[in-house]
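Subject: Structure handover and notes

Hello,

Here is the structure you are taking over. Please open it beside these notes.

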Amino acid sequence: WNETEPEDEECTTRRRCFTDEKHNITFCHQFMGTIATKVYYEGNYTLDHSLRGRGDSSCLLEDSNIAVISSFDLVFVQSVAWWTNLGTHLDSPTSPKEWVDKLLPMVYYDAMKELLTKISVQTETVFVLGQIGVDCKEKTLPEPFSIDRIPPDHGWDSAPKFWDTSLHLLLEERLNIK
């Protein structure tokens with residue numbers, strides 16, 4: 001895998017790519033962590049996602065990064081896990097965890113709308129609902145998934161809220177996404 005840094009020095013997320021020369025296919029993985037399109041305010045509370053520092057991938061919404069992502073024939077977007085525990089990471093007097101947790105579906109909707117709207121008009125896009133923590137310790141075979149067995153670790157039990165938000169986004173915005 002070849003690793004590249006984003007062109008923007010402020011952007012902390014790397015892109016890792018592998019080229020299968022025999023079949024002329026390039027696979028890339030870009031960690032997007034969590035992204036935000038603006039600073040959110042309510043009363044005395046402020047959610048400034050850039051305060052997260054290294055975990056903030058908002059820079060990937062910039063046109064130069066969207067152009068790279070959109071240059072592929074097919075793009076898979078998978079998002080959930082990094083959002084579920086964000087309230088804990090941003091907990092502070094100006095953005096208490098309980099308030100952030102209530103606000104996150106809107107922040108997630110806005111961010112995914114921005115990302116998916118930009119790339120889905122330029123390339124074929126598949127949005128994968130999923131990716132929560134799974135306990136694989138001492139397991140060698142897959143097990144049937146049950147929403148009732150999602151562990152509360154790291155906020156993973158809030159994943160269904162984000163799945164619903166994702167589905168509403170795709171339907172409301174009528175995005176051409178599989």
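The notes below run from the overall layout to the contacts.

**Ground rules**

This is a predicted model: local features need pLDDT of at least 70, side-chain atom pairs count only at pLDDT 80 or more, and totals for chains, interfaces and linings use all residues. Residues are numbered from 1 along each chain as its sequence is written, and side-chain values use heavy atoms, with hydrogens and water left out.

**Layout**

The protein chain has 5 helices and 7 strands. Both are DSSP runs, numbered from the N terminus: helices are H or I with at least four residues, strands are E with at least two. Along the sequence the order is β-β-β-β-β-α-β-α-α-α-β-α. The chain has 178 residues, and 41% of them count as buried. Buried means under 20% relative accessible area, exposed means over 50%, and partly exposed is in between (1.4 Å probe, protein chains only).

Strand 2 (15-20) and strand 3 (residues 25-30) pair in the antiparallel sense over 6 bridges. Two strands pair if DSSP finds at least two bridges between them. T19 has T26 in strand 3 as its bridge partner. The hairpin has 4 residues between the strands. N24 sits in that loop. Its phi is near 55°, a positive value in a residue other than glycine. N24 counts as exposed because its relative accessibility is 68%.

C17 is in strand 2 and C28 in strand 3, 11 residues apart. A disulfide here is a pair of cysteine sulfur atoms within 2.5 Å. A search of the whole structure finds 1. The torsion about the S-S bond is about 110°, so the disulfide is right-handed. C17 counts as buried at 17% relative accessibility. C28 is partly exposed, at 32%.

F18, I25 and F27 form a nonpolar patch on the surface, with about 260 Å² of accessible area together. Areas come from the Shrake-Rupley method with a 1.4 Å probe; for residues, only the protein chains shown count as cover. Patch residues have over 30% relative accessible area and no salt bridge; like charges are joined within 9 Å, nonpolar side chains (Val, Leu, Ile, Met, Phe, Trp, Tyr) within 5 Å. F27 lies in strand 3. F27 is partly exposed, with a relative accessible area of 43%.

**The core**

The largest nonpolar core has 33 residues. Such a core is a set of buried Ala, Val, Leu, Ile, Met, Phe, Trp, Tyr and Cys residues joined through side-chain atoms within 4.5 Å. L47, W83, M112, L115, L116, I119 and F127 touch the most other members. Helix 1, strand 6 (74-79), helix 4 (97-120) and helix 5 each supply at least two residues. Helix 4 gives the most, with 12 residues.

**Salt bridges**

The structure holds 5 salt bridges. The criterion is a side-chain nitrogen of Lys or Arg within 4 Å of a carboxyl oxygen of Asp or Glu.

- K97 pairs with D101, the closest N and O atoms being 2.6 Å apart. Both lie in helix 4, 4 residues apart, about one turn of the helix. K97 is partly exposed at 29%, and D101 is partly exposed at 21%.
- K118 pairs with E114, the closest N and O atoms being 3.2 Å apart. These two also lie in helix 4, 4 residues apart. D63, E114 and K118 are linked in a network of salt bridges.
- K178 pairs with E124 at 2.5 Å, N to O. This pair links distant parts of the chain: K178 in the segment after helix 5, E124 in strand 7 (residues 124-129), 54 residues apart. K178 is exposed, at 60%. E124 is partly exposed, at 38%.

**Two further sites**

S58 is in the loop between strand 5 (45-47) and helix 1 (63-70). Is S58 buried or exposed? S58 is buried, because its relative accessible area is 17%. Its C-alpha atom is separated by 8.0 Å from that of M32, 26 residues apart along the chain.

R174 is in the segment after helix 5 (159-173). Phi of R174 is near 50°, a positive value in a residue other than glycine. R174 counts as exposed, at 75% relative accessibility.

Best wishes
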